[in-house]
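Thanks for asking me to look this one over. Here are my notes, point by point, to read alongside the model.

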Amino acid sequence: MERVIFLDRDGTLNEEVHYLHRKEDLKILEGVPEAIRMLKEAGYKIVVVTNQAGVARGYFPESDVQELHQYINECLSPLGAGIDYFFYCPHHPVCGQGIYKKECRCRKPDTGMFEMAEQVLQVDKSRSWMIGDKWSDVEAGKNYGVYTILVGTGYGSQIRKEQMENGCEERSLPYDFYAETLIDAACKILKSEYESRSLR
Ligand SMILES: [Mg+2]
Ligand SMILES: [Zn+2]
């Protein structure tokens, strides 16, 4: 069985850019390569799960998504932080054009991309995590049945702030942890793994 870190892409791995699809607009967030390397060295597989409705809307073709993912790995692999698998949802239920207008199973918060990962990995859900900067990421992880982290990059800090302003109590939050950055998230994962191991 594999322990897997499911990662959102935009706002989590790279700077949030509206409908990112060009290599020259890709900015990997600070500390991301180090965070991924820490997790890989601890034995986790790294799987990106990303909604890419820009394809559905006709803003760019699927080939752009695939080329960008290849490029992300050209940047990360030399740093010991290569992504093991990428999965993307090119659909949208309302705004999609042609074959991409679809009530699919893969668009987060649904769990289709996680199930695609099961075709290539034996996922140990009880020791796997989903990290992202939106509610749909947290919900997808919960729907699938893994631990979840809301990360403060991208939209995450704004979501967190609104929650705190609404007087939401820490223990009633829908995610397992909030982390300012992916490095912070990686540290929380490794710490909780260490703690659960010492409890066994
Ligand atoms: Mg995102
Ligand atoms: Zn889809």
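1. Strand β2 (residues 45–51) is largely enclosed by the rest of the structure, because 6 of its 7 residues are buried. Here buried means under 20% relative accessible area, exposed over 50%, and partly exposed in between, with a 1.4 Å probe and protein chains only. Helices (H or I, at least four residues) and strands (E, at least two) are DSSP runs, numbered from the N terminus.

2. A word on the ground rules: this is a predicted model, in which local features need pLDDT of at least 70, side-chain atom pairs count only at pLDDT 80 or more, and totals for chains, interfaces and linings use all residues. Residues are numbered from 1 along each chain as its sequence is written, chains are lettered from A and ligands numbered from 1 in the order in which they are written, and side-chain values use heavy atoms, leaving out hydrogens and water.

3. Now the neighbours of β2. Strand β1 (residues 4–7) pairs with β2 in the parallel sense over 4 bridges, and Ile-5 has Ile-46 as its bridge partner in β2. Strand β3 (residues 85–89) also runs parallel to β2, joined by 5 bridges, with Cys-89 in β3 as the bridge partner of Asn-51. Pairing requires at least two DSSP bridges between the strands.

4. Do look at helix α3 (residues 62–76). Val-65, Leu-68, His-69, Ile-72, Asn-73 and Leu-76 are its buried residues. They cover an arc of only 140° around the axis, so they sit on the same side of α3; the arc is taken from the directions from the helix axis to the C-beta atoms. These buried residues pack against α1, β2, α2 (53–56) and β3, where contact means heavy atoms within 4.5 Å. Exposed Gln-70 and Glu-74 are on the face turned away from the buried side.

5. Finally, the metal. Which protein donors does the magnesium ion (ligand 1) have? They are Asp-8 (OD), Asp-10 (O) and Asp-133 (OD), lying 2.1 to 2.2 Å from the ion. Asp-8 is in the loop between β1 and α1, and Asp-133 is in the loop between β4 (129–132) and α5, so to speak a link between distant parts of the chain, 125 residues apart. Both Asp-8 and Asp-133 are buried. Donors are N, O and S atoms within 2.8 Å of the metal (3.2 Å for Na, K and Ca); water is not among the atoms, so sites may look incomplete.
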